[in-house]
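Biologist: I am new to this structure and would like to go through it slowly. Could you show it to me before I start asking?

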Amino acid sequence: MIQVALDRLTKEECISITEQTYNHIDYIEIGTGVIKEYGMDIIREFRHRFPYKKIVADMKTCDAGKDETVQALEAGADITTVMGFAHDQTILDSIKIAKELNKRVLVDLLEVPVERFQRLKELGVELVSAHIGKDTQVQAERYSLERYKSLSDDFTVFVAGGISPESVQRFEKLKPDVFIVGGYITSAANPGKASATIKEVIPKT
Ligand SMILES: O=C([C@H](O)CO)[C@H](O)[C@H](O)COP(=O)(O)O
């Protein structure tokens with residue numbers, strides 16, 4: 001499955017790219033910067049405009065787990081993100097309230113040491129994002145995905161970080177359920193065509 005990540009865009013650009021890519025994507029991610037710009041209103045607007053697509057709010061919550069999770073999920077997101085390096089209590093509170101709302105939490109593994117993966121499982125984490133951060137993507141070859149290789153034994157895996165038709169093979173080894181694709185689609189001259197191309201190359205589920 002494909003999640004289009006809408007980052008560093010205006011609201012109008014986010015809507016236009018979602019419309020152009022609609023038939024090739026499974027999840028719409030409202031990116032962290034877009035949420036910072038427009039707040040929960042953009043999640044409400046996307047819920048209203050795109051009632052049949054899963055919406056992920058990339059809140060990147062690292063404290064106040066309950067409050068931020070409620071904010072995003074009550075605004076209409078199906079999934080909200082919490083950082084794996086946050087305090088255990090933050091993660092527990094987010095998962096608990098998401099369950100009460102019949103929704104999900106995706107834990108972002110950015111900068112999370114491998115030794116913490118087992119603890120995340122014990123905390124009840126089910127969805128994780130194996131992520132190479134925007135600021136380290138230029139050194140991506142140095143950031144081996146090796147540390148993420150066993151995640152699929154314990155979690156539903158999302159992968160993110162500079163995914164394109166050229167790099168998709170590296171991520172395939174992690175047996176992900178969802179490929180999160182940002183810049184390759186959103187910076188393309190034709191985002192609809194780019195989303196069709198990436199859909200062709202990711203493994204069929
Ligand atoms: O989560 C992301 C990043 O931290 C910026 O907020 C991106 O959504 C994710 O990395 C996917 O975008 P690309 O790396 O441009 O594919």
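Biologist: Which residue of S5 does Thr-81 stand opposite?

Modeller: This is a predicted model, in which local features need pLDDT of at least 70, side-chain atom pairs count only at pLDDT 80 or more, and totals for chains, interfaces and linings use all residues. Residues are numbered from 1 along each chain as its sequence is written. Helices (H or I, at least four residues) and strands (E, at least two) are DSSP runs numbered from the N terminus, and two strands pair if DSSP finds at least two bridges between them. S4 and S5 pair in the parallel sense over five bridges, and the residue of S5 that stands opposite Thr-81 is Leu-106.

Biologist: How confident is the predictor, and what pLDDT does the chain average?

Modeller: The model scores ipTM 0.96 and pTM 0.96. For pLDDT, the predictor's confidence in each residue from 0 to 100, 98% of the residues score at least 70, and the chain average is 95.

Biologist: In what order do the eight strands close into a barrel?

Modeller: The pairing in the barrel is parallel, and neighbouring strands of this sheet are turned by 25° against each other on average, direction ignored. Such angles run from 0 to 180 degrees between N-to-C directions, with axes fitted as lines to C-alpha atoms, for helices over the stretch in contact. The order in which the eight strands close is S1-S2-S3-S4-S5-S6-S7-S8.

Biologist: What angle does the direction of H4 make with that of S3?

Modeller: Strand S3 pairs with strand S4 (residues 79-83) in the parallel sense over three bridges, and the bridge partner of Ala-57 in S4 is Thr-80. Helix H4 packs on the sheet and touches S3, S4 and S5, where contact requires the C-beta atoms of two residues, placed from the backbone, to lie within 7 Å. The angle between the directions of H4 and S3 is about 155°.

Biologist: Ala-64 has a positive phi in a residue other than glycine; how many other C-beta atoms lie within 10 Å of it?

Modeller: Ala-64, with phi near 50°, sits in the loop between strand S3 (54-61) and helix H4 (65-75). A residue is buried if 20 or more other C-beta atoms, placed from the backbone, lie within 10 Å of its own, exposed if 12 or fewer, and partly exposed in between. Ala-64 is therefore partly exposed, and its count is 14.

Biologist: Which residues of S8 are buried on its two sides?

Modeller: In a regular strand the side chains alternate between the two faces of the sheet. S8 is paired in the parallel sense over three bridges with strand S1 (residues 2-6), and three bridges also join it, again parallel, to strand S7 (residues 156-160). Ile-180 has Gln-3 opposite it and is the bridge partner of Ala-160. Both faces of S8 are covered, and the buried residues are Val-178 and Ile-180 on one side, and Phe-179 and Val-181 on the other.

Biologist: Which residues come nearest to the ligand?

Modeller: A residue is near a molecule if its C-beta atom, placed from the backbone, lies within 6 Å of it. Strand S8 (178-181) and helix H8 (183-186) each supply at least two residues of the shell around the ligand. Of the 16 residues around the ligand, those that come nearest are Ala-5, Thr-32, Ala-160, Gly-182 and Gly-183.
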